[in-house]
Amino acid sequence: MSARILHIASNTFREAVRDRVLYNLIAFAVLMSGAAILVGQISINIERLVVINLGLTAISLFGIVIAIFIGIGLVSKEIDKRTLYTVLSRPVRRWEFIAGKFFGLAGTLVVNTICMAAGVFAALLYIWPHHLQGSDTGILVALYFIVLQFLLITALALLFSSFSSPLMSAIFAFALFVIGTFAEDLRGFAEMTHGAQHWLATAAAYIVPNISALNVIAQVAHEQPIAGRLIVFNTAYALTYSVMALLGAILIFERRNLK
Amino acid sequence: MPAIEIEKLEKSYSVGFLRKTLKRALQPLSLVVEEGEIFGFLGPNGAGKTTTLKMLMGLVFPTAGTARILGKSIDDPEVKAQIGFLPEQPYFYDYLTARELLNYYGQLSGIPGKERPRKIESMLERVGLRDAANVQLRKFSKGMLQRVGIAQAILHDPKIVFLDEPMSGLDPMGRREVRDVMEELKRAGKTVFFSTHILSDAEALCDRVAILHLGELRGVGAVADLTSTVQGNVEIVWKGTTIFPAIKALNAVCYTTGDTVRAVLPEANQDAAIDAIRRERSRLVSVTPVRASLEDYFVEKVKRIEAGLGAKA
């Protein structure tokens with residue numbers, strides 16, 4: 001990675017920290033503490049399931065909200081505030097700027113996820129003080145998939161941010177996330193249709209990001225194993241999709257007049 | 001080798017939603033700026049100055065034409081290491097302190113890590129921000145932001161500095177400081193290309209100026225050469241309290257102060273006015289040419305253009 005990308009990424013991370021994005025950790029900490037105390041009192045033998053479900057879902061939702069709402073401003077805010085002018089008048093290529101912004105926000109989300117994951121494990125230890133069990137490694141896989149979701153959504157938000165207003169970018173990115181959550185259902189629907197409808201539904205099913213394939217929270221909560229093949233496939237899928245979205249963002253941004 | 005060579009550079013934007021039409025922001029512009037000069041790019045708001053600067057910085061792509069900086073195409077990333085840029089009404093990352101901002105731009109400009117702290121400290125001192133180095137920019141006044149802007153533009157010791165309206169909105173002290181920095185840069189052999197609509201600043205600083213109006217280049221040259229093309233006036237002072245009708249008839253503006261009369265009239269009428277004073281047997285005190293200012297030149301040019309446009313309409 002070029003040093004310039006690293007500097008832009010680190011500045012993006014610093015912006016997120018100084019703009020108090022990581023304050024969401026406080027809300028998460030309150031949620032997890034409350035959940036851990038509460039489930040210990042009201043549930044019988046399903047404490048672990050509730051804490052994992054609640055914790056991982058919250059990590060995913062908090063992160064998606066950050067990815068969308070920060071991601072949509074990564075380029076457009078810099079154009080509106082004209083901070084981009086002095087950056088691009090340096091020996092910085094436009095693609096380096098996009099890449100730096102992407103890695104900066106991705107880094108923020110990874111740090112956020114690590115802190116939240118520590119909260120989930122702390123809650124698990126609270127309700128089950130003896131030890132963590134072997135099947136809890138599944139939680140790490142679920143967390144890894146959640147990070148892959150963040151990469152996808154960040155890349156999409158950046159893509160939209162490179163050509164449209166923050167409001168429209170937020171709508172597009174959120175809509176794709178919601179549709180992507182039902183991507184498997186969309187594929188099932190495509191298989192049931194015929195003719196032009198089949199082709200259209202299939203195309204739509206493959207264009208939207210398959211967020212549902214990256215959601216293994218329920219399986220992990222029920223201590224079902226995650227196949228190694230799925231990890232490899234999801235990694236390849238999420239990285240390819242993110243790279244394609246980033247390339248789209250770069251292609252658009254390389255041609256854009258900064259009026 | 002010229003510092004900047006602009007050849008038939010032009011820019012049009014498409015406007016409208018359904019029925020798109022082309023709006024020309026800059027007519028084909030050709031210009032050469034030599035190394036080591038302070039070059040003023042003048043014109044009223046909307047003349048095309050910022051569009052030109054943005055094209056030179058690679059922020060906006062030209063519709064046609066080419067530009068070279070230090071002999072290299074403006075698309076060449078190497079060129080960017082040799083230039084500094086201060087945009088109009090700059091806005092910087094306000095969550096950073098002045099020191100952090102300069103460090104960031106220093107990193108992007110490729111200043112080695114070992115040299116950076118020394119350069120930053122000396123630059124903060126130079127622009128008078130040493131005491132505010134650790135204050136976040138969101139707490140800075142407009143003048144302080146302008147100083148940070150200048151500091152980031154010259155931190156990496158560029159050969160050419162582009163400043164877009166650097167004095168705009170500054171108080172007299174702030175303007176003076178910017179002028180001092182520009183003069184220092186010239187003494188250090190740098191080329192300064194700055195846009196302004198404040199003509200007195202350009203007149204005081206520039207070796208040469210270009211005048212842009214409605215996206216078109218209207219004149220380029222040394223200030224003295226341009227102003228010499230404007231019809232000059234002359235000020236004639238004589239003893240007395242009477243304004244002679246013969247002088248008034250020579251298109252003169254007259255004032256009486258104590259026991260002297262002062263008349264300002266076109267240079268061409270000077271001899272006739274002196275003859276008239278002699279005929280009236282008054283004592284001539286002085287005859288002084290009134291030098292045309294850049295503003296006179298500019299106003300005359302704009303008036304001519306507007307008269308031309310009016311005639312066409």
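In the predicted model, chains A and B touch one another, with 23 residues of chain B in contact with 21 residues of chain A. On the side of chain B that touches chain A, at least two residues each are supplied by helix H1 (49-57), helix H2 (77-80), strand E6 (83-86) and helix H3 of chain B. The greatest contribution to this side comes from H3(B), which gives four residues. By class, the residues on the side of chain B that touches chain A comprise 16 nonpolar, five polar and two charged.

In soluble globular proteins, nonpolar side chains tend to be buried together. The largest nonpolar core of the model holds 143 residues, and the members that touch the most other members are Ala67(A), Ile153(A), Leu156(A), Leu158(A) and Phe162(B). Helix H7 (residues 137-161) of chain A gives the most to this core, namely 17 residues. When neighbours within four places in sequence are set aside, the contacts of Ile153(A) are Ile64(A), Ala67(A), Ile68(A), Gly71(A), Ala173(A) and Phe177(A). Another core, of 11 residues, lies apart from the largest one; Trp238(B), Ala252(B), Ala263(B) and Ala276(B) are among its members.

Within chain B, helix H3 (residues 98-108) and helix H4 (residues 116-126) have axes that come within 10 Å and cross at roughly 130°. Because angles between 115 and 145 degrees are neither roughly perpendicular nor roughly antiparallel, H3(B) is oblique to H4(B). The crossing of H3(B) past H4(B) is right-handed. On H3(B), the contact is made by Ala98(B), Arg99(B), Leu102(B), Asn103(B) and Gly106(B), while H4(B) takes part through Arg116(B), Lys119(B), Ile120(B), Met123(B) and Leu124(B). The residues in this contact of H3(B) with H4(B) are divided into five nonpolar, two polar and three charged.

Glu121(B) is also placed in helix H4 of chain B. This residue has 14 C-beta neighbours inside 10 Å and therefore counts as partly exposed, since that class lies between the limit of 12 or fewer for exposed residues and that of 20 or more for buried residues. Although Glu121(B) and Arg99(B) are 22 residues apart along the chain, a distance of 8.0 Å separates their C-alpha atoms. Arg99(B) itself is one of the residues through which H3(B) makes its contact with H4(B).

Notes. Residues are numbered from 1 along each chain as its sequence is written. Chains are lettered from A and ligands numbered from 1 in the order in which they are written. This is a predicted model: local features need pLDDT of at least 70, side-chain atom pairs count only at pLDDT 80 or more; totals for chains, interfaces and linings use all residues. Axes are lines fitted to C-alpha atoms, for helices over the stretch in contact, and angles run from 0 to 180 degrees between N-to-C directions. Angles under 35 degrees count as roughly parallel, over 145 as roughly antiparallel, 65 to 115 as roughly perpendicular and the rest as oblique. A crossing is left-handed if the near helix is turned anticlockwise from the far one by less than a right angle, and right-handed if clockwise. Two residues are in contact if their C-beta atoms, placed from the backbone, lie within 7 Å. Ala, Val, Leu, Ile, Met, Phe, Trp, Tyr, Cys and Pro count as nonpolar, Asp, Glu, Lys and Arg as charged, and the others, Gly among them, as polar. A nonpolar core is a set of buried Ala, Val, Leu, Ile, Met, Phe, Trp, Tyr and Cys residues joined through C-beta atoms within 7 Å.
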